[in-house]
Amino acid sequence: MEFWPWLTAALLLLLLLVQLSRTVKFYAKVTLYCFLCFTMSTVASVICLLRHGGRTVENMSIISWFVRSFKYLYGLRFEVKGQQKLEVDHPCVIISNHQSILDMMGLMEVLPERCVQIAKQELLFLGPVGLIMYLGGVLFINRQRSSTAMTVMADVGQRMVKENLKVWIYPEGTRNDNGDLLPFKKGAFYLAIQAQVPIIPVVYSSFSSFYNTRTKLFTSGTITVQVLDAISTSGLTKDDVPKLVDTCHQAMRSTFFHISKMPQENGATTGLRVQPAQ
């Protein structure tokens, strides 16, 4: 009997702290986000197993439905421009900038049909989250062993052509919330050239106005998503990778500053001409 008054008092204190302290509110929202990911992953895994019986890219539509519902709880709104450029009926490599744990919501907001992601192998062991990623066809890479990663990427190139898959990659390689884009790793570009498929860049505006880990800010906000024109890799070889990386990085960086309504810094190139894929 004495337990309930203490529990009630603790909950009231927590609610008060959430209202008064931005730091407490930040961690409360992040904790809730992680809880939702684990809970929804468990439920979605059961549905995927019942509906499709195992690992298949078709499960991504189920996962997408669950994740897209998160935005209503957090008061997030997505303004998508050029989404039709992702709705192509052929394989391609999709690349996007990578800012925070909230990127999953942004990815699922525009995820096209028959699209899988490439992720680090450690995520496979995150309980129900790893299970739902596996069931959705996510391709896992051991980044500590470059030889293994290269073998997986070679297999991915063959699979995406054979199974008509789109592959989504974060070329920065890690989350980055410094208000700019990190240099791109080359794996996505080798993959696209090896498979001779186009690259479609997707740029998300900065989250800093509503989500900032340093200042412990986490409020509602609007995210602009810009899908750029496809970039053809037809006829390109591995010798063209550096130029292709630079072309994509400059185009995405320029777009990032523009849609984030931030001044461009460090001499980023504007008005870059991109040859659309045929």
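Arg253 is buried, with a relative accessible area of 8%, and in this predicted model it forms a salt bridge with Asp180, the closest N and O atoms being 2.7 Å apart. That pair joins distant parts of the chain, since Arg253 lies in helix H9 (residues 241–259) and Asp180 in the loop between strand E5 (166–169) and helix H8 (187–195), 73 residues apart. Asp180 is buried as well, at a relative accessible area of 15%. The chain has a mean pLDDT of 88, with 85% of its residues reaching 70 or more.

**Confidence**

- Among the elements of the chain, the lowest mean pLDDT, 65, belongs to helix H1 (residues 3–20), whereas the highest, 98, belongs to strand E6 (residues 199–204).
- Over residues 267–278 the pLDDT falls below 50, although this stretch has 21 contacts in the model beyond near neighbours in sequence.

**Salt bridges**

- The structure holds 7 salt bridges, one of them between Arg114 and Glu58, whose closest N and O atoms are 2.8 Å apart.
- This pair also links distant parts of the chain, with Arg114 in the loop between H5 and E3 and Glu58 in the loop between H2 and H3, 56 residues apart.
- Arg114 counts as partly exposed because its relative accessibility is 29%, and Glu58 is likewise partly exposed, with a relative accessible area of 39%.
- The side chains of Arg159 and Glu163 meet in a salt bridge with an N to O distance of 3.2 Å; Arg159 is partly exposed at 32% relative accessibility, and Glu163 is partly exposed at 31%.

**Helix H6 and its cover**

- Helix H6 (residues 128–135) has Val129, Gly130, Ile132, Met133 and Leu135 as its buried residues.
- The cover over these buried residues includes helix H2 (22–52), helix H3 (60–68), strand E3 (115–120) and strand E4 (139–141).
- H6 is followed by Gly137, which has a positive phi, near 90 degrees.

**Exposed positions**

- Glu113 is placed in the loop between helix H5 (103–110) and E3, and it counts as exposed because its relative accessibility is 64%.
- Leaving aside residues up to four places away in sequence, Glu113 touches Glu87 and Lys166, while Glu113 and Leu86, 27 residues apart in sequence, are 8.9 Å apart in space from C-alpha to C-alpha.
- Leu73, in helix H4 (residues 70–74), counts as exposed at 52% relative accessibility, and together with Leu32 and Phe35 it makes a nonpolar surface patch of about 300 Å².

Note on methods:
Residues numbered from 1 in each chain as written. Predicted model: local features only at pLDDT ≥ 70, side-chain atom pairs only at ≥ 80, totals over all residues. Heavy atoms only, no water. pLDDT = per-residue confidence, 0-100. Helix = DSSP H or I, 4+ residues; strand = E, 2+ residues; numbered from the N terminus. Contact = heavy atoms within 4.5 Å. Buried < 20%, exposed > 50% of the residue type's maximum accessible area, 1.4 Å probe, protein only. Patch = residues over 30% accessible without salt bridge, like charges linked within 9 Å, V, L, I, M, F, W, Y side chains within 5 Å. Areas by Shrake-Rupley, 256 points an atom, 1.4 Å probe, with all protein chains shown as cover. Salt bridge = Lys/Arg side-chain N within 4 Å of Asp/Glu carboxyl O.
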